[in-house]
Amino acid sequence: MKKIITLALLLSFSLINAQAFTGKGDAKFNVGANIQDGGTGIQVSSDFGIGENLSYGFVGSYLLGVNEVLGEKPEFKDRFDAKFRINANLGNVLKIDEKLDVYPGLNLGLRNFGGHVGMRYFFSEGFGIYSEAGFPIAKYDSNSETFNHLNNQFTFNIGASFNM
């Protein structure tokens, strides 16, 4: 009986078809670490497929560990950022492994207009990892004396990705 159960489990795991992006109707949720100059924090994001290779989503980040500037600590408004984003999901266009998706995109946030490049790799139908690099293109406020630089710089994000 143990051999039958083991064989059934192995076959069921081999039939799982993990795809990083399936197109219209696909939904992803990411949670991970936000790493940047002057602070580290958490990032959460979601993406929703609206076409074969296009998705839109939302990103929120909060810096937990932030360096003091001139003896001052940042307030909540300095640590938090939210963005709307659009991605071009290119995994199937590039004809790479269907478990892997590469996506460049643009985002419009509370602090800037920017871009990002990311990837997701799914180990199973519901779980994978992601990594993103984000950068500002146009900053809303160029004042660099306070904490405005925290959400106006290159960021690196890495974490877990889930199908919703």
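Which residue in β8 is the bridge partner of A33? The close-ups below will take you there. This is a predicted model, in which local features need pLDDT of at least 70 and side-chain atom pairs count only at pLDDT 80 or more, while totals for chains, interfaces and linings use all residues. Residues are numbered from 1 along each chain as its sequence is written, and side-chain values use heavy atoms, without hydrogens or water.

View 1. The partner of A33 is I158 in β8. Strands are DSSP runs (E, at least two residues) numbered from the N terminus, and two of them pair if DSSP finds at least two bridges between them. Antiparallel β1 and β8 (residues 155–163) share 9 bridges.

**View 2. β1 and β2 make a hairpin.** Here 10 bridges join antiparallel β1 (residues 27–36) and β2 (residues 39–49). Look for K28 opposite D47 in β2. The hairpin has 2 residues between its strands, and G38 in the turn has a positive phi of about 90 degrees.

**View 3. Inside the largest cavity.** On a 1 Å grid over the protein atoms alone, a cavity is a set of points where a 1.4 Å probe fits but cannot get out; lining residues have an atom within 4 Å of a point. Its volume, about 250 Å³, is the space filled by probe spheres set on the points, which are joined across faces, edges and corners. Of the 24 lining residues, Q43, V59, K83, T155 and N157 lie nearest the centre of the largest cavity. Strand β7 gives the largest share of this lining, 5 residues.

Technical notes:
Helix = DSSP H or I, 4+ residues; strand = E, 2+ residues; numbered from the N terminus. 1 Å grid on protein atoms, 1.4 Å probe; cavity = no way out; pocket = protein on both sides within 12 Å on 5 of 7 lines; lining within 4 Å.
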